[in-house]
Amino acid sequence: MTNEEIKTKVLAALAAVAPELEPGTLAPGANLRDELDIDSMDALNFLVGLSKAFGIDIPEADYRKLSTLDAIVGYVAARVGKR
Amino acid sequence: MAEFLLPKLGADMSRGRLVEWVKKPGERIARGEVIAVIETDKANVEVEAFESGTLEKVLVEPGDEWLPVGTPLAVIGAAGAEAPAPSAGEKPARKPEAAVPAAAKPAPEAPRVPAVPPPKPKPPSKAPPPHAPAVPAPRAAEGTRLPASPVARRRAAELGVDLATLRGTGPDGRIVLADVESVAGAAVAKRPAGRPAPAAPLTAAEKAQEKRARMREAIAAAMARSKREIPHYYLGTTIDLTRAMAWLASYNAERPVTERMLYGVLLLKAVAAALREYPELNGFWTEGRAQLADSVHLGVAISLRGGGLVAPALHDADKLALPELMRRLQDLVTRARASSLRSSEMTDATVTVTSLGERGVEAVYGVIYPPQLALVGFGKVVTRPWVADGEVAPREVVTATLSADHRASDGHRGALFLDAVDRLLQEPEKL
Amino acid sequence: MAKLTYREAVRAAMREAMAADPRVFLMGEDVGRHGGAFAVSMGLLEEFGPERIRDTPLMESTFVGAGIGAAVGGMRPIVEVMTINFSLLALDQIVNTAAALRHMSGGQFSVPLVVRMASGGGRGLAAQHSHSLEGWFAHVPGIKVATPATVADAKGLLLAALADPDPVLVFEHATLYPLEGEDADDTPMALGRAAVRRAGEDVTLVAYGASVHKALAAAAALAAEEISAEVLDLRTLRPLDVEAIVSSVARTHRAVVVDEMWRTGSFAGEVAATIMEQAFDELDAPVARVASAEVPMPYAKPLEDAALPSAEQIAAAARALF
């Protein structure tokens, strides 16, 4: 799975909790919580979406690593690669 | 045979738009089943049937028209009755305006809240109902009537305007003809001077703006009423959440992301359980007295993307185990944001809980959602130096606040309630 | 159209009627040589002679009774009773005989009698010369009650009364006699037709007699406050023009009824009840009444003014409906 494919799926999971998101406008380094006004329930739902899309579990301890689009793509790439 | 009327889904609703019929003429309906989808100023709501029966006939087709609360939407036949086969010549539905004269009849299922209390409230003339009503809107006491002039009543019936939604501007707050005609729109106003020309179709941006404006109006009406009528008192306490957060972390560590809980669920459960101990905070102020609810239905304040909020009910939160409560909360938030709440969720909440900790504030002093008796607020969980047993140690703490109606409870009981929330959160495993 | 006073208009009507019909004659206290207590019949004795302008003793029951007899016998008498308070002495003749005779005789007799009298307060004549009791007479079936408020009506309604085959009482408000106005045209007037004296949209001021002018003053004051008041002059209390009242209230949705009678049992109460019965669903406010204070009419001018309905009271009553 390429980073571009991962990014597409991540954006799809994000769009499920923030429907007004326009993928092209999201800066790769922007803090998602601030940028998209995401609360803990949205965040949890997003993580559930990621978990289902990529077949990975994401420990609570890793949540803090997942603050930007770039970080998430990197994290998922590492986790998928490790599998 | 009963008319299915547009229900009043909360103190801030005066009108609605029919989005969709979920049931079709001839279909059987069980009590509690979703029959239609209604758009209110705040959300799309799946409206449930109050009685079992057969949907005999729809009186209104889905459309953009705003219908006043109480407008007959359909005819529901008795549970056993067969729906009559529609005859070839029969029109399937009337236009809403043809259906409006019956709108003046009060909806038995959805008692109305007067937008303004009568200037001289009469003492309650009947005992409180034995159980919490399905809809929290207070039923007008027997023998009390909204003060409205005869011609205002007649015109309201003609136009399908619910008098309960009006603010009377006549002497002593009487609803007069001008009040009815002003809400019914410029088309029927007595003096058409200055009436704007028919509007061009709205753009998507204008529609969104209009929707936001409508939500603000609905919130404004309910919140202004609250501050006008309810003597609020406010209490706050800082609660040590260290044990609860540690317990939750170990709970979540053992579970996949789909089964994890948010700490907010612990707070909700503790509030619900504490309300069982202090029932004077749980219920409604109607007919000049507190009517306490038998069940604890937590109204969870949910902010909506793009602004505004709703506070749908988590039913029987005190009786649900934490994982089930989490599942229900997740479902409720998702549906609130997808605008697919159900009518019982819009009307049943007996108390409201709000948390603004997500955005960094430490305490919330909220406005009670009328006719409820209290609102519980939580700020963010922060790590603070804390003195326990003479030692200073870092602890995770949260500030819990209570806004309560002083007519129904006093600060002493309110303080004991917050203390109970604290106590319950110290033993998260027992929640 | 020529200008004349209310007093001259009444006189003109009598003169016209006597010139046209030899059966018409006038009788009453001081109507001949003195020219009438209010100078209404001044000059008529000289013009028509003592056979047709007859001074009577101070005995209302007798000369009203004589008028009834003359009417039954084929004449068209006009009986002047000096003031409404004195008419009480003739009440038996009016109620038991004049009003009842057509019915008591199975339609064999009619009583084409006209009784004129001055009514109302405002002239400093105290509690035996100043009352308004028109509603008492309007209570009685078998008689008609006219209350002209304008110069044209003073003439036209009197002529209509003379043309009527049954007894008609005409109440001339004593403060109106010097009122100047336009003469009536030659169109015969009908009894039982109210008139809109000022058109308006927001409230109907119902009045009769001198109160019409107070209502018009009130309407002018209200107009300055952007309250558009309609003034409806009843003109006759029996028959009452219910249709005109209802149709006006159906447009304005509010009503103030003005009456110089005492409030309790006033004719205004009858009008208010009629509005309630026939236009309830048109009302946007309770029907208001402005009537006289419940005291025998005071002599002192300030007290008399305070006891009578005023334009200010009418305007205030109208304002309170909004």
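Modeller: E282(C) is buried, with a relative accessible area of 18%. Buried here means under 20% relative accessible area, exposed means over 50%, and partly exposed is what lies in between (1.4 Å probe, protein chains only).

Some ground rules come next. This is a predicted model, in which local features need pLDDT of at least 70 and side-chain atom pairs count only at pLDDT 80 or more, while totals for chains, interfaces and linings use all residues; side-chain values use heavy atoms, with hydrogens and water left out. Residues are numbered from 1 along each chain as its sequence is written, and chains are lettered from A and ligands numbered from 1 in the order in which they are written.

Back to the residue. E282(C) sits in the loop between α10 (267-279) and β14 (288-292) of chain C. Helices (H or I, at least four residues) and strands (E, at least two) are DSSP runs, numbered from the N terminus. What does E282(C) touch, leaving aside its neighbours within four places in sequence? E282(C) is in contact with V249(C), A250(C) and H253(C), and also with V151(B) and R154(B) of chain B. Contact means heavy atoms within 4.5 Å.

Now the chain around that loop. Chain C has 12 helices and 14 strands. Of its 322 residues, 59% count as buried. Take the contacts in chain C between residues at least 6 apart in sequence: 81% of them join residues at least 24 apart. The accessible surface of chain C comes to about 12,700 Å², and carbon and sulfur atoms account for 57% of that. Such areas come from the Shrake-Rupley method with a 1.4 Å probe; for residues, only the protein chains shown count as cover.

At 1.5 Å a residue, its 15 residues should span 21 Å, and its end C-alpha atoms are 21 Å apart, which agrees. The expected span is 1.5 Å times one less than the number of residues. Among the buried residues of α1(C) are Y6(C), A9(C), V10(C), A13(C) and A17(C). An α-helix has 3.6 residues a turn, so residues three or four places apart point the same way.

Because E16(C) lies in α1 and K155(C) in α7 (residues 151-163) of chain C, the pair ties together parts that are 139 residues apart in sequence. E16(C) counts as partly exposed, at 39% relative accessibility, whereas K155(C) is buried at 8%.

Another salt bridge of chain C joins K144(C) and D164(C) (3.0 Å, N to O). K144(C) is in strand β6 (residues 144-146), D164(C) is in the loop between α7 and β7 (168-173), and 20 residues separate these distant parts of the chain. D164(C) counts as buried, at 13% relative accessibility.

D305(C) is partly exposed at 40% relative accessibility, and K301(C) is partly exposed at 47%. Over all chains, the rule counts 44 salt bridges.

Chain B, which E282(C) also touches, has a network of salt bridges linking R15(B), R17(B), E39(B), D41(B) and R214(B). Chain B also meets chain A, in a contact that takes 24 residues from chain A and 17 residues from chain B. About 1,600 Å² is buried between these two chains, 45% of it given by carbon and sulfur atoms. In chain A, M41(A), L44(A) and E60(A) lose the most area to chain B, together 34% of what that side buries. Buried area is the accessible area (1.4 Å probe) that two parts lose on being put together, summed over both. Three salt bridges cross the interface of chain A and chain B. R337(B) and D39(A) form a salt bridge, with their closest N and O atoms 2.7 Å apart.

Conventions: A salt bridge is a side-chain nitrogen of Lys or Arg within 4 Å of a carboxyl oxygen of Asp or Glu.
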